[in-house]
Amino acid sequence: MGTYLNPGCGGFETITNGIYVDKTGLIDYVNSTVNTPLKLTSFSRPRRFGKSFAAKMLCAYYDKSCDARPLFDGLEITKRKSFEKYLNQFNVIYLDITRFISTADSVRDVVGDIQAKVIEELRQGFPSCVKDQERVLADALISVSHVTGNKFIIIIDEWDALFREAKEDDSLQKEYVQLLRGLFKGGTATDETIAAAYMTGILPIKKYGTESALTDFREYSMTRPGRLAEYAGFTETEVKRLCSRFRMSFDDMRTWYDGYSFSRISHVYSPNSVMSALQEGEVQNYWTQTETFESLREYIGMDYDGLKGAVIEMLGGRAVSVKISTFQNDMTTFNSRNDVLTLLIHLGYLAYDSEKREAYIPNLEVAEAFEDAVSNEHWGVVGRAIAESERLLNAVLQKDADAVAVALEMIHESISSVMQYNNEASLSCAITIAFYTAKRFYSIVREFPSGKGFADLAFIPRRDTDKPAMIVELKYDKDADAAVKQIYDNRYDGVLKDYFGNLLLVGINYDREAKGEGAKKHSCVIEQV
């Protein structure tokens with residue numbers, strides 16, 4: 001048992017000793033690829049989405065130096081036909097690239113260290129197979145396989161760490177890619193040496209132009225999770241079970257950590273955040289405890305046409321179109337807003353709807369990260385509007401309609417100048433941004449414009465707040481009283497029909513024709529029921 005050769009079961013045992021969500025079905029998929037043309041798998045996900053847990057699980061299952069059977073007792077994989085076939089049957093090479101980076105004298109030494117350290121363990125484990133002068137890892141693996149007749153399972157965790165740590169060092173990246181190509185180049189030598197490989201990281205495999213740097217890998221990611229979607233994060237069924245077991249509010253979990261969506265699974269939760277909430281007994285923002293907002297601020301501040309407007313739309317609760325195909329799967333090659341938005345999807349800051357080809361902010365936890373990221377002078381009125389949103393919410397709760405109208409006038413006009421969209425869309429977006437703080441106290445049900453007015457925004461109080469419910473009706477070229485009247489006429493049988501408590505009706509009108517000194521385009525009426 002070593003660090004890189006056959007690391008044993010200890011990592012997975014530690015995981016199962018805590019709160020564990022059974023993701024062993026992933027093993028069945030990897031088993032289906034062993035010794036087939038599809039034996040090379042790459043599965044990328046954001047930080048906090050269980051990548052290392054999966055890698056250690058696979059190590060424990062395949063590693064022939066240990067007996068992992070007791071660790072899998074009662075878990076999903078034991079129900080699959082493939083469980084017995086490959087249990088602890090292979091020599092495993094486990095590479096955590098972040099470990100090599102942290103122990104290297106210089107990041108420039110990492111590729112050499114990977115080869116030297118793994119070859120040394122192979123030499124110790126198979127002294128008659130590896131020559132003293134061997135310096136090429138792929139050749140060392142071939143030598144061991146030829147002598148022993150046994151193939152390797154190769155598991156690489158944080159494969160893209162060098163692309164993130166040395167993101168400007170193109171020559172180092174190419175040296176690293178050449179190492180990986182040497183291991184997985186295909187052909188007879190690879191077929192005789194590697195039974196399967198599983199590689200994980202945040203970014204998909206680096207592209208050069210339109211082609212992957214490692215063309216033989218089958219790739220799964222946050223934009224295309226395919227048949228592995230249920231292993232990308234926690235499913236709604238899994239979170240419900242955890243909430244029941246630990247007596248936590250499922251509604252709170254859903255508000256804070258749900259929102260990622262795939263074609264096969266419509267509700268996917270951030271695993272680390274759910275686990276942190278269970279361990280601490282409190283639902284709150286755990287995202288900012290593991291990563292600062294500085295990286296998000298850097299990317300959304302890039303000067304690409306339409307990027308700022310897209311961010312404002314998403315802050316306003318909308319989804320924006322994104323073309324993911326041009327992204328080069330690195331941290332520096334950006335040619336359009338699409339490339340930046342695609343990176344944010346892979347980092348977990350945005351969710352992606354593959355059917356509509358749209359990106360959006362997934363949940364309250366990530367929304368707060370965006371709130372921090374735009375709280376600076378670069379974002380001007382948007383940052384100030386969000387910062388002042390608590391004051392505006394209090395103005396509504398105090399039924400100060402004039403203060404609400406003045407604030408909305410400023411926000412709407414400023415946002416419209418950036419978005420360059422029609423007034424209907426920008427007004428709806430402005431309303432949502434103006435009430436940004438309300439997300440912490442309310443579940444907000446939002447509908448789309450229709451006819452000569454807007455459907456309502458319903459603010460449903462969370463169970464731990466004493467604030468009243470609110471319905472906000474948006475009109476244009478009418479008057480705010482008409483908006484309130486429409487609520488009376490149409491909304492009591494809507495989303496709040498089962499709500500019993502104080503209710504504020506907020507009518508907002510936008511008058512496109514208002515002109516002249518002192519003319520106000522926005523008016524507001526607030527009534528309490």
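This is a predicted model: local features need pLDDT of at least 70, side-chain atom pairs count only at pLDDT 80 or more; totals for chains, interfaces and linings use all residues.
**Stop 1: the cysteines**

Select Cys 9 and Cys 66. Their sulfurs are joined in a disulfide, S to S 2.3 Å; the term stands for a pair of cysteine sulfur atoms within 2.5 Å. A search of the whole structure finds 1 disulfide. Cys 9 sits in the segment before helix H1 (10–16) and Cys 66 in the loop between helix H3 (51–62) and helix H4 (83–86), so the bond ties together parts that are 57 residues apart in sequence. Helices (H or I, at least four residues) and strands (E, at least two) are DSSP runs, numbered from the N terminus. Look along the S-S bond: the link of Cys 9 and Cys 66 is right-handed, with 80° about that bond.

Now colour by accessibility. Cys 9 is buried at 9% relative accessibility, and Cys 66 is buried at 14%. Here buried means under 20% relative accessible area, exposed over 50% and partly exposed in between, with a 1.4 Å probe and protein chains only.

**Stop 2**

Show strands E1, E2, E3, E4 and E7. These 5 strands form an open sheet in the order E2-E3-E4-E1-E7, with parallel pairing. Two strands pair if DSSP finds at least two bridges between them. At the edges are strand E2 (91–96) and strand E7 (218–220), each of which pairs on one side only. On average, neighbouring strands of this sheet are turned by 15° against each other, direction ignored; axes are lines fitted to C-alpha atoms, for helices over the stretch in contact, and angles run from 0 to 180 degrees between N-to-C directions.

Zoom in on strand E1 (residues 40–44) and strand E4 (residues 194–201), which run parallel and are joined by 5 bridges. Pick Thr 41: its bridge partner in E4 is Tyr 198.

**Stop 3: the largest pocket**

Centre the view on Gly 317, Tyr 360, Ile 361, Pro 362 and Ile 444, the closest to the centre of the largest pocket among its 36 lining residues. On a 1 Å grid over the protein atoms alone, a pocket is an open set of points where a 1.4 Å probe fits, with protein on both sides within 12 Å along at least five of seven lines; lining residues have an atom within 4 Å of a point. Strand E13 (442–446) is among the elements that give two or more residues to this lining, and E13 gives the most, with 4 residues.

**Stop 4: the second largest pocket**

Move to Phe 49, Gly 50, Lys 51, Phe 53 and Pro 271, which lie nearest the centre of the second largest pocket, lined by 28 residues. H1, H3 and helix H13 (271–280) each give two or more residues to the lining. H3 gives the most, with 5 residues.

Methods. Residues are numbered from 1 along each chain as its sequence is written. Side-chain values use heavy atoms; hydrogens and water are left out.
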